[in-house]
Amino acid sequence: MPHPHRALGRLALGLRNTRHQAHLTYTQLAANAPGFSRPTLQRAASGKTLPTREAVAAYAQACDADPGPLLELWEAAARERAAANLRKPAPAVRQIQDEADMGAALRNLHLDAGAPSCREIERRTRTSPGTIRVPRNTVHQILSRQRFPSSRDQLRALLSALGVPVTGHEDWLRAWSRVHRRLQADRRAARTRKDRLQRRINSDSNRLSAAHTSGLCTTIPAPRPHPPGNLDPAPVAWITSLGSASQISTLTYTRPDSTTNNPARPTPTPHL
């Protein structure tokens, strides 16, 4: 017996004494308790884990004993277990608004039910009529607040396994719908932010690429034609200063047609 002086140890001693007084083996005990196997009944009296309320009642009935005293020991052990798990405050079911609220409420509901094992909750969901089976790994993830119940049917199965009557399911299902809508809205907002960020990254990348290309082009000076030597030096100096100040995009020099005899254009004329 790991802790004989604690409530869980007293419950285990009570179960063992009840079986010894009935002079039953665990095999005979399981035969008198339909739905409960020999290993399950052995674990109930081991003092290591808290059995379910139903297992304690079946244990007493199989021994033809009054289940009342054993159930009182079970309730004391359940309260001890809840205190040991540091029960955290959670909002009322009708006030659940987000995933954290739902996780805290389900955790406290699990503690109020005596903290049955995930294997036991899976068994209850498998044998309970009108509910779907919830694997024990999924049960563990939900109760440890690593994931949110994926559907209303999954939540309904957990509620039934944790002892919530059908009349109390509606408030929980409304809370699930509120949280589910909020999660969907958060996912859409996250996708929108991601798309907006990606467009901004693409835009900045395009601007940087254009600026880099423009910088490469401006670092290469365009070739400028050299004026012929027979031009008037004053216009040439003025045109050259304009060209060096980048105020002229194109500078050409045209010589007069050799076939024409135009005395007004004896020398090449610059054109801007």
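Me: Buried means under 20% relative accessible area, exposed over 50%, and partly exposed in between, with a 1.4 Å probe and protein chains only. Going by that, which residues of helix H7 are buried?
Reply: In H7 (residues 118–127), the buried ones are Glu 120, Ile 121, Glu 122, Arg 124 and Thr 125. Helices here are DSSP runs of H or I with at least four residues, strands are runs of E with at least two, and both are numbered from the N terminus. Bear in mind that this is a predicted model: local features need pLDDT of at least 70, side-chain atom pairs count only at pLDDT 80 or more, and totals for chains, interfaces and linings use all residues. Residues are numbered from 1 along each chain as its sequence is written, and side-chain values use heavy atoms, leaving out hydrogens and water.

Me: What do the buried residues of H7 pack against?
Reply: They pack against H4, helix H6 (99–112), H8 and H9, where contact means heavy atoms within 4.5 Å.

Me: Switching to cores, how many residues has the largest nonpolar one?
Reply: That core has 27 residues, and Leu 15, Leu 29, Leu 41, Leu 50 and Tyr 59 have the most contacts inside it. H4 gives the largest share, seven residues. A nonpolar core is a set of buried Ala, Val, Leu, Ile, Met, Phe, Trp, Tyr and Cys residues joined through side-chain atoms within 4.5 Å.

Me: And what does Leu 29 touch?
Reply: Leaving aside residues up to four places away in sequence, Leu 29 touches Arg 19, Leu 24, Leu 41, Tyr 59, Ala 62 and Cys 63. Another core lies apart from the largest one, with 25 residues, among them Leu 109, Phe 148, Trp 172 and Leu 173.

Me: How many aromatic pairs turn up in the whole structure?
Reply: One. Phe 148 and Trp 176 are stacked, 6.0 Å centre to centre with 15° between the planes. Rings of Phe, Tyr and Trp (its six-membered ring) pair if their centres lie within 6.5 Å; planes under 30 degrees apart are stacked, over 60 edge-to-face, and the rest tilted.

Me: Where do the two partners sit?
Reply: Phe 148 is in the loop between H8 and H9, and Trp 176 is in helix H10 (residues 169–218), 28 residues apart. Both Phe 148 and Trp 176 are buried.

Me: Last one: is Asp 64 buried or exposed?
Reply: Asp 64 counts as exposed because its relative accessibility is 73%. Asp 64 also has a positive phi of about 60° although it is not a glycine. Most residues other than glycine have a negative phi.
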